[in-house]
Amino acid sequence: MALCSTFCPRIPTYLRAKPISSFPSNPLFSLSFKVYSSQATDASSQDKFTGRVGFLGLGIMGSPMAQNLIKAGCDVTVWNRTKSKCDPLISLGARHGSSPEEVAANCDVTFAMLADPESAIDVACGKNGAVSGMGPGKGYVDVSTVDVATAKLINGHIKETGALFLEAPVSGSKKPAEDGQLIFLTAGDRALYDSVASLLDILGKSRFYLGEVGNGAAMKLVVNMIMGSMMASFSEGLLLSKKVGLDPNVLVEVVSQGAISAPMYSVKGPSMVKSQYPTAFPLKHQQKDLRLALGLAESVSQSTPIAAAANELYKVAKSYGLSDDDFSAVIEALKAKSHNTA
């Protein structure tokens with residue numbers, strides 16, 4: 001993977017490039033856009049990023065992502081609402097910004113990893129937000145999972161400053177973030193995508209360029225809608241196997257060797273059997289993504305009855321105080337339903 005070189009105080013010339021505005025005017029969810037992956041040998045992926053990098057939001061995902069950039073030799077400035085979360089990164093060599101505005105003003109490219117649309121908007125556009133520190137020659141890369149409207153709103157505010165914008169939500173949870181194995185679903189200014197390609201390659205195993213802003217958010221919501229529904233169905237299977245006298249651990253092994261095998265099942269299954277849910281992806285975030293995905297489906301009149309049913313189950317799990325547990329804790333909602341009908 002490409003490493004970052006030391007910071008040059010001049011604004012990098014590659015960030016002065018005009019944003020590409022010739023994206024096709026097809027409907028937002030058209031699948032006619034070209035996809036670029038990190039495996040491609042395009043010249044842009046060979047260019048090293050030579051500027052300062054800002055990182056806003058140091059939660060379960062943001063902290064290991066920022067840490068990987070620091071370990072790769074990047075000049076990183078961090079900010080988080082709770083300052084103590086910055087301390088481990090500062091000890092590794094990161095600078096600290098007092099606000100998103102200060103970070104953006106002092107960095108060439110600023111990444112943001114926030115928990116939900118409201119937080120993403122506030123950090124970007126609120127008082128002392130990143131927008132206030134943006135301008136020509138700078139870039140803003142939002143890797144949060146938000147809805148299409150939020151991505152477009154932030155894009156609009158960033159572009160008004162003369163800066164470039166890239167939405168880049170990630171597929172992957174805590175462990176892939178730690179291992180630099182995330183999948184980036186990007187859309188927006190192609191010039192910025194090319195500029196930060198080496199940074200995305202430090203943080204992830206693959207990257208896709210999906211065209212105009214909104215496509216990245218849409219792709220991420222579809223992926224997480226599928227994932228949430230899969231986990232709900234898997235939970236039903238584990239409980240049914242036990243109820244009819246089968247060993248759910250054996251079910252996990254059987255599933256892992258068949259056509260429906262998925263890493264999620266083999267990783268989560270053993271802990272679920274033990275009623276343990278170490279948090280890699282908080283249940284409240286999975287429910288949020290299902291809610292946003294259902295809104296996306298509604299906007300194009302697409303029926304999603306399975307996802308809708310799964311969403312209701314995650315809402316029940318939240319009502320039981322499981323919001324901060326891993327999303328696999330949704331199985332507890334099914335256990336409660338079983339007890340109530342017994």
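What you have here is a predicted model, where local features need pLDDT of at least 70, side-chain atom pairs count only at pLDDT 80 or more, and totals for chains, interfaces and linings use all residues. Residues are numbered from 1 along each chain as its sequence is written, and side-chain values use heavy atoms, with hydrogens and water left out.

**Overall picture**

- The protein has 14 helices and nine strands; helices (H or I, at least four residues) and strands (E, at least two) are DSSP runs, numbered from the N terminus.
- Of its 342 residues, 52% count as buried, where buried means under 20% relative accessible area, exposed over 50%, and partly exposed in between, with a 1.4 Å probe and protein chains only.
- Take the contacts (heavy atoms within 4.5 Å) between residues at least 6 apart in sequence: 71% of them join residues at least 24 apart.

- Strand β1 spans residues 52-56, and five of its five residues are buried.
- Arg52, Gly54 and Leu56 point one way from the strand, while Val53 and Phe55 point the other way.
- On pairing (at least two DSSP bridges between two strands), β1 runs parallel to strand β2, residues 75-79, over five bridges.
- Within that pairing, Leu56 sits opposite Trp79 of β2.
- β1 also runs parallel to strand β4, residues 109-112, with four bridges joining them.
- Phe55 has Phe111 as its bridge partner in β4.

**Helix α1, between β1 and β2**

- Together, β1, helix α1 (residues 62-71) and β2 form a right-handed β-α-β unit; right-handed means that, with the strands pointing away from the viewer, the path from the first strand over the helix to the second runs clockwise.
- Helix α1 is largely enclosed by the rest of the structure, because seven of its ten residues are buried.
- Those buried residues are Gly62, Pro64, Met65, Ala66, Asn68, Leu69 and Ile70.
- Just after α1 comes Gly73, with a positive phi of about 100°.

**Lys220**

- The UniProt annotation "active site", from an unreviewed entry, covers Lys220; UniProt positions are given in the numbering used here, feature names are shortened, and annotations may be inferred rather than shown by experiment.
- You'll find Lys220 in helix α9, residues 215-243.
- Lys220 counts as buried because its relative accessibility is 6%.
- Setting aside residues up to four places away in sequence, Lys220 touches Thr145, Pro169, Val170 and Leu185.

**Lys335**

- Lys335 is in helix α14, residues 331-341.
- With a relative accessible area of 19%, Lys335 is buried.
- The side chains of Lys335 and Glu332 are joined by a polar contact of 3.0 Å; the term covers a pair of N or O atoms within 3.5 Å, where within protein one must be able to donate a hydrogen and the other to accept it, and residues adjacent in sequence count only if both atoms are side-chain atoms.
- Leaving out neighbours within four places in sequence, Lys335 is in contact with Leu239, Ser275 and Tyr277.

**Cysteines**

- The structure holds zero disulfides, a disulfide being a pair of cysteine sulfur atoms within 2.5 Å.
- Cys86 has 0% relative accessibility, so it counts as buried.
- Cys125 is at 27% relative accessibility and therefore counts as partly exposed.
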